[in-house]
Amino acid sequence: MPAASRLIGAAVVAFAVASAAAHGQTTGRIDICGGVGTPTPVARIAACSAAIESGAESGRELARLFYNRASAHRARGEIERAITDFDRAVQADPGLAVAFNDRGNLYVAKRQYDRAIEDYDQAVRLDLTSAGFVYNRGIAHVSKGQFDLAIADYDAAIRLNPRYAAAYNSRGIAYMRKLQYERGRADFAEATRLDPNNAVAYDFRCWNWAIVGEIGQALVDCNESIRLRPNYPSAFESRAFTYLKAGALDKAIADYDSALKLAPRQAMSLFGRGIAKRNKGDASGAAADIAAARAIRPDIGEEFALYGVR
């Protein structure tokens, strides 16, 4: 999967706020700014800008205009503009927890994890009831390798929302990073119980089973993940790794090929395919794949060694 490690595997959660309609003739653009009627991000930005520049809003309502414009910039991939507007939103309303959360999400995207955690801390302080805010902080802690802190955050998210399948899945990933595979599988099992269509949880449980050499169990879970999401590269990568561990090299290469068609810069898939080719005696093909993988992630061999593949 396209992440620093195969075992990051989770995404932060974004939220939304609505602006109250106000002040007569500005109502239409405030609605558009807030996404009423599913306008395009460009239309939302224009409406938000017009409402802001009108000077009719202040305080909390002005903050929501900046927040909504930031969300539209984020939808366009304009990360720096979005951060600037989230800055303005929290300046206008320092109690707007969701703006701190969503700015934290953008810092995660920029891999500025300390700044993200600062924002999530503030969001959590402002709203102690949000499972999503504390869950997002857990994602940032995992990204920093702070697995115990991440698990504590996932624990808190689950206490707030016992049916939070994503939190179980992410806690399972954190346990895997601590090499606590059985605890990880237990969390993946709960994630799939709560959400039987959770292809990600099946994928990670497949990977978990493969690491400990339970090939049959791994294949059952990988096949289910692929059935649920036929275009999910990570599931093909996991099944390929399972076949690699089992010595079924042709099947491993075929699944790595499928993963790479869907996501060509998957370092894990390139390196795994290189190992499979090397074990089949294709020295030149192996060298090319391994070199391509290391160009993306220089430490890729260390992660494979952690899983018993060298």
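## Crossing of α9 and α11

In this predicted model, α9 passes α11 in a left-handed crossing, the term for a near helix turned anticlockwise from the far one by less than a right angle, with right-handed used if the turn is clockwise. The contact (heavy atoms within 4.5 Å) involves N169, I173 and M176 of α9, together with V200, A201, F204, W207, N208 and I211 of α11. These residues divide by class into 7 nonpolar, 2 polar and no charged. Ala, Val, Leu, Ile, Met, Phe, Trp, Tyr, Cys and Pro are the nonpolar class, Asp, Glu, Lys and Arg are the charged class, and the others, Gly among them, are polar.

Two packed helices are described by the angle between their axes and the distance between the axes. For α9 (residues 165–177) and α11 (residues 199–211) the angle is about 20° and the axes are 10 Å apart. The two helices are therefore roughly parallel. Angles under 35 degrees count as roughly parallel, over 145 as roughly antiparallel, 65 to 115 as roughly perpendicular and the rest as oblique. Axes are lines fitted to C-alpha atoms, for helices over the stretch in contact, and angles run from 0 to 180 degrees between N-to-C directions.

## Helix α9 and its surroundings

The 13 residues of α9 reach 19 Å from first C-alpha to last, close to the 18 Å expected at 1.5 Å a residue. The expected span is 1.5 Å times one less than the number of residues in the helix. Helices (H or I, at least four residues) and strands (E, at least two) are DSSP runs, numbered from the N terminus.

α9 is mostly covered, with 11 of its 13 residues buried. Buried means under 20% relative accessible area, exposed over 50%, and partly exposed in between, for a 1.4 Å probe and protein chains only. The buried residues of α9 include Y168, R171 and Y175, as well as the contact residues N169, I173 and M176. The cover over the buried residues of α9 includes α7 (131–143), α8 (147–160), α10 (181–194) and α11.

## Packing of α3 and α4

Helix α3 (residues 59–75) packs on helix α4 (residues 79–92) at an angle of about 165°, with axes 8 Å apart. That makes α3 roughly antiparallel to α4. The crossing of this pair is left-handed. On the α3 side the contact is made by G59, A63, F66, Y67, R69, A70, S71, H73 and R74, and on the α4 side by R81, A82, D85, F86, R88, A89 and A92. By class, the contact of α3 with α4 has 8 nonpolar, 3 polar and 5 charged residues.

## Positive phi in loops

Most residues other than glycine have a negative phi, and most peptide bonds are trans. L179, which is not a glycine, has a positive phi near 65°. L179 sits in the loop between α9 and α10, and with a relative accessible area of 46% is partly exposed. R111 also has a positive phi, about 60°, although it is not a glycine. R111 lies in the loop between α5 (97–109) and α6 and is exposed, with a relative accessible area of 56%.

Helix α2 (residues 41–53) is followed by G55, whose phi is positive, near 75°. The 13 residues of α2 should span 18 Å at 1.5 Å a residue, and the end C-alpha atoms are 18 Å apart, which agrees. R44, I45, A47, C48, S49, A51 and I52 are the buried residues of α2.

## C-alpha separations

R115 is in helix α6 (residues 113–126) and, at 45% relative accessibility, counts as partly exposed. The C-alpha atoms of R115 and G104, 11 residues apart along the chain, are separated by 7.0 Å. G285 is in helix α16 (residues 283–296) and counts as buried at 13% relative accessibility. G285 and R273 are 12 residues apart in sequence and 9.0 Å apart in space, C-alpha to C-alpha.

## Whole chain

The protein chain has 17 helices and 0 strands. Its C-alpha trace spans about 75 × 40 × 35 Å along the principal axes. Of the 310 residues, 54% are buried. Residues 24 or more positions apart account for 56% of the contacts with a separation of 6 or more.

## Basis of the values

Residues are numbered from 1 along each chain as its sequence is written, and side-chain values use heavy atoms, with hydrogens and water left out. Local features need pLDDT of at least 70 and side-chain atom pairs count only at pLDDT 80 or more, while totals for chains, interfaces and linings use all residues.
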